[in-house]
Amino acid sequence: MLAEYTGVLVILVVGMVIAGGMLGIHLLIGPRRRFAEKQQPFECGETQIVSPRRRYAVKFYMVAILFVVFDVEAIFFYPWGAVFQELGWFGLGAMFVFTIPLAVGLIYEWMKGGLEW
Amino acid sequence: MLIEATVKVLFILVVMVVGIAPVITWIERKQSALMQDRIGANRADVGGITVLGLLHPAADVIKLMTKEDVVPEGANRVMHLLSPLIVAVPAISAFAVIPYGGVYRFGDTTLNLVGADIDWGLLYIFAIGSIAAYGTVIAGWSSNNNWSMLGGLRASAQLISYEVTMGLTVVGVFMVFETLRLSDMALAQDTTFRLFGFLDRFFGLDWRWIDQVRVPAWGIFYQPLGFLMFLTAIMAENKRPPFDIPEGESEIIAGYHLEYSGMRFGLFFMSEFIEIIIIAALTATIFLGGWAVPYLSTDTIIGGISRFFDVGFATCLCILIHFSTFMLKVFAMIWVQMLLRWSLPRFRYDQVMSLCWKILLPLSIANIFVTGLVLLWVKG
């Protein structure tokens, strides 16, 4: 039963070998000439004034919350789509009922300006 | 089993990653040169032989390999090293489920030309593709650089938004073909259907020739809107121009991979081009019939050839024809992406986000329900 996943396992291993090998060769043959100025983070020639690891706009978090809701919805659509023609009108109606609360949620978010950047 | 899977997987990797991916970097340079009326890459030579600039990809690899590996001060060294791998490994792994040929019979053995024929193939590509988003965000965060952080943040919101839309735009195709398995999807497209057949219940009369128009049963004819939306969403997911705001070199220098040098940068670069091939292969498989030759089904091809040669040879020839057809479609889709990349200017961030949430998301949900209504109406 798991036999069909052999290819996935093989390609994951091969992918790691390819990517890791390229990185490894570079780390081996690349030159190393370090000095303090070169190691500084690039800031258009200036010394870094503020640390990048601080708080950022709340919009990014709001998109992440929206994503969770709609990604779960998308995942629910997948198996439904694959058996849709067997389910017939009942399946279509059920999915319509399922989508209404989400659509209301999206419209609410839209009205509140959660989708504005 | 293990040997068979390994051979199949290695074949697709050798063709796609080792063979085509370097050529695409050359195609991109040459096509941009053509569109901007210049000559393009033609300098790299071995003993005076330049082969139209085809040696440039090799020169790139040598150059990236021999560059110094600079890790900025204050960076998280472990994450900085891991993130190129998190981006590159999923990009390579996605090829496992792409079918590059159908199912062929030699006596009593069957040959199924796909690396791993898993029944949720498309979901596998989306799942493994979304892991690459972590790599991008981690690269932006771990570099300890303000521009990288901005690029990583932009990438995080853009990638997760388009992941949702990309998933919803193809649901219509599942409903038509009733499967998530990519090899079944390609097989279902190896036939033709009456383009105006859905009007039969509406008019129910003989329309002379227009009623009999037959087109290949490709996803693009069932789901034209779905095709456009899927291509938009998946190109945005790859962060290519015109959706390249996470990189945005004129505003945030190079975005999330600003502090990367040598092969660490090379892996980001490589996986971007590998993803172009995956997009092309996936679009070709879902919407353009995969390996199927339009109007010539597998049985027709094998039957036609076996009239002159024996069946084994005819099957081999058929595999070759199918594989060439698939590669032709892949190259056509690569060309479309390059054309878009050099035609459109970069969008603003608010435009990209509102395209996703305000246009593509409602449209794709509407597309699902319209597809459902039409399908059930035609079935009666």
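**Entry 1: the strands of chain B**

In which sense do strand β1 and strand β2 of chain B pair? I looked this up first: β1 (residues 103-106) and β2 (residues 109-112) of chain B pair in the antiparallel sense over 4 bridges. Strands here are DSSP runs of E of at least two residues, helices are runs of H or I of at least four residues, and both are numbered from the N terminus. Two strands pair if DSSP finds at least two bridges between them. I then followed V103(B) across and found its bridge partner in β2(B), N112(B).

**Entry 2: ground rules**

A note to myself before going on: this is a predicted model, in which local features need pLDDT of at least 70, side-chain atom pairs count only at pLDDT 80 or more, and totals for chains, interfaces and linings use all residues. Residues are numbered from 1 along each chain as its sequence is written, while chains are lettered from A and ligands numbered from 1 in the order in which they are written.

**Entry 3: chain A**

I counted 3 helices and 0 strands in chain A, and along the sequence the pattern reads α-α-α. The radius of gyration of chain A is 25 Å, well over the 13 Å that the globule rule gives for 117 residues, so chain A is more spread out than a compact globule. For the record, this radius is taken over C-alpha atoms, and the globule rule is 2.2 Å times the number of residues to the power 0.38. The C-alpha atoms of chain A fill a box of roughly 70 × 50 × 15 Å along the principal axes.

Of the 117 residues, 22% count as buried. Buried means that 20 or more other C-beta atoms, placed from the backbone, lie within 10 Å of the residue's own; exposed means 12 or fewer, and partly exposed is in between.

I checked confidence too, as pLDDT, the predictor's own score for each residue from 0 to 100. Chain A averages 84, and 99% of the residues score at least 70. Among the elements of chain A, α1(A) has the highest mean pLDDT (88) and α2(A) the lowest (86).

I also picked out G20(A), which sits in helix α1 of chain A. This glycine is partly exposed, with 14 other C-beta atoms within 10 Å. G20(A) and A74(A) are 54 residues apart in sequence and 34 Å apart in space, C-alpha to C-alpha.

**Entry 4: where A meets B**

How many residues does each chain bring to the contact? I found 53 residues from chain A and 70 residues from chain B, with a contact meaning C-beta atoms, placed from the backbone, within 7 Å. On the chain A side, the elements that give two or more residues are α1 (6-29), α2 (59-82) and α3 (84-111). The largest share of that side, 18 residues, comes from α1(A). By class, the side of chain A that touches chain B has 35 nonpolar, 12 polar and 6 charged residues. Here Ala, Val, Leu, Ile, Met, Phe, Trp, Tyr, Cys and Pro count as nonpolar, Asp, Glu, Lys and Arg as charged, and the others, Gly among them, as polar.

Chain B comes to 15 helices and 4 strands. Its radius of gyration is 23 Å, close to the 21 Å from the globule rule for 380 residues, so chain B is as compact as a globular protein of that length. The C-alpha trace of chain B spans about 75 × 50 × 45 Å along its principal axes, and 49% of the 380 residues count as buried.

The largest nonpolar core has 128 residues, and I92(B), F95(B) and I277(B) touch the most other members. Helix α12 (residues 262-287) of chain B gives the largest share of this core, 17 residues. Such a core is a set of buried Ala, Val, Leu, Ile, Met, Phe, Trp, Tyr and Cys residues joined through C-beta atoms within 7 Å. I looked around F95(B): leaving aside neighbours within four places in sequence, its contacts include I11(A), M16(B) and I278(B).

K239(B), which is not a glycine, has a positive phi near 60°. I placed K239(B) in the loop between α10 (224-237) and α11 (249-252) of chain B, and this lysine is buried, with 25 other C-beta atoms within 10 Å. I253(B) also has a positive phi, of about 60°, without being a glycine. I found I253(B) in the loop between α11 and α12 of chain B, buried with 20 other C-beta atoms within 10 Å.

Note on methods. Two residues are in contact if their C-beta atoms, placed from the backbone, lie within 7 Å.
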